[in-house]
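Work through the exercises below with the sequence and the structure open. Try each task before reading its solution.

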Amino acid sequence: MPPWGGQSFMYSRREFGKLALAGIPAAVTRAQSRAGVTLVAGIPFGVETFSFHDLPSAGDSRLIPTLIQDMKDAGIAECEIMSGHVEPMGSYATGWWVATRRAAGYTKMREEARRWRLTVPMDYYRAVRKQFEDSGLRMYLYNVNFNETFTDDERDRTFEAAKVLGVDGFSSSTVLSEAKRLVPFVERHKMYVAMHNHNNLVDPDQFATPGSFEKALDMSPYFKATLDIGHYVAGNNDPVAFIEKHHDRIVNIHVRDRKRDNGRNMPFGQGDTPIKEVLRLIRDKRYPIRCYIEYEYGSFLSSTEEVKRCFAYCKEVLA
């Protein structure tokens, strides 16, 4: 086990690179940075911003400052940020409402969201990035749920926005048919999309099984995986086996606990998800996989307090 145990540290990407090249355990050094990373036992930790349920509404100028403060309070320096937390139209800009409800009113809102996305100055995204960087935090992934409601111009514009935000790539709860449409975009922009799974085992277009992931990974080297280990277990799959086989194509995992057989979300350590085994595998094998906390099980406490509890559990099993 690394000598720094379960402590977490924040340091810059540049400092981390220098330390790693020098063969020095980066986490033994605490450093201030403009774009931090939180390490626990050598593993970079982050948070999916969906975890913060108490944020102001999309489009509210207080949303990003509140999100930044929540991350600071949780002691986590990087995130996978939802497009609904960046774009003022929220879920309408992702097409999720249209894809699921198909109502005329939602379609109109989706069209308005598209117009906003295609015309907003890129300075809007630069301003979001600056707020994070000025706070010593980092957006690592942009969570955009690409689907058939996106036009090609909209896909292109979303990739350009991601570059301005400064993220490394996308995480996306999408489907195999959309992945095929995305191939020319990832290859033209040279930016990856990491497919995020759920546990819908009925629809063959969904990412839910090892085979569905592998079909996408075969389409392009720019396709990767965001493995939600809780959803994967709810679909009665083995996340340890998947990580061992595909660790070189996994960007990050979403750490959550669920019961098998499409069971419900549970507090960490109370479900069937082998969180301990997964985290220790990544640590011991030194896989370059980021571990992002995703809180969804419900509580009387604030979401920030629950994220802190989830993070504390992860640190405990790695100590």
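**Before starting**

This is a predicted model, in which local features need pLDDT of at least 70, side-chain atom pairs count only at pLDDT 80 or more, and totals for chains, interfaces and linings use all residues. Residues are numbered from 1 along each chain as its sequence is written, and side-chain values use heavy atoms, with hydrogens and water left out.

**Exercise 1. Describe the protein chain as a whole: its helices and strands, its burial and its surface.**

Step 1. The protein chain has 12 helices and 12 strands. Helices (H or I, at least four residues) and strands (E, at least two) are DSSP runs, numbered from the N terminus.

Step 2. Of its 319 residues, 54% count as buried. Buried means under 20% relative accessible area, exposed over 50%, and partly exposed in between (1.4 Å probe, protein chains only).

Step 3. Accessible areas come from the Shrake-Rupley method with a 1.4 Å probe; for residues, only the protein chains shown count as cover.

Step 4. Take the contacts in the protein chain with a separation of 6 or more: residues 24 or more positions apart account for 72% of them. A contact means heavy atoms within 4.5 Å.

**Exercise 2. Find out why strand β2 is largely enclosed, and which strand it is joined to.**

Step 1. Strand β2 covers residues 36-40, and five of the five are buried, so the rest of the structure largely encloses this strand.

Step 2. In a regular strand the side chains alternate between the two faces of the sheet. On one side of β2 are Gly36, Thr38 and Val40, on the other Val37 and Leu39, and all are buried.

Step 3. β2 runs antiparallel to strand β3 (residues 43-48), and three bridges join them. Two strands pair if DSSP finds at least two bridges between them. Thr38 has Phe45 of β3 as its bridge partner.

Step 4. The two strands form a hairpin with two residues between them, and Ala41 in the turn has a positive phi of about 50 degrees.

**Exercise 3. Classify two helix pairs by their crossing angle: α8 with α10, and α11 with α12.**

Step 1. Helix α8 (residues 210-217) and helix α10 (residues 239-246) have axes that come within 12 Å and cross at roughly 20 degrees. Axes are lines fitted to C-alpha atoms, for helices over the stretch in contact, and angles run from 0 to 180 degrees between N-to-C directions.

Step 2. α8 and α10 are therefore roughly parallel to each other. Angles under 35 degrees count as roughly parallel, over 145 as roughly antiparallel, 65 to 115 as roughly perpendicular and the rest as oblique.

Step 3. Pro210, Phe213, Glu214 and Leu217 of α8 make the contact with Phe242, Lys245 and His246 of α10.

Step 4. Helix α11 (residues 275-285) packs against helix α12 (residues 303-318) at an angle of about 60 degrees, with the axes 9 Å apart. This makes α11 oblique to α12.

Step 5. On α11, the contact residues are Ile275, Lys276, Leu279, Arg280 and Arg283; on α12 they are Tyr313, Cys314, Val317 and Leu318.

**Exercise 4. Where do Thr226 and Asp272 lie, and is each buried or partly exposed?**

Step 1. Thr226 is in strand β8 (residues 223-228). Its relative accessible area is 0%, so Thr226 is buried.

Step 2. Beyond its neighbours within four places in sequence, Thr226 contacts residues including Ala194, Met195 and His196, and also Phe213.

Step 3. Asp272 lies in the loop between β11 (265-266) and α11. With a relative accessibility of 33%, Asp272 counts as partly exposed.

Step 4. Asp272 and Arg258 are 14 residues apart in sequence, and their C-alpha atoms are 5.9 Å apart in space. Leaving out residues up to four places away in sequence, Asp272 touches Val233, Asp257, Arg258, Lys259 and Arg260.
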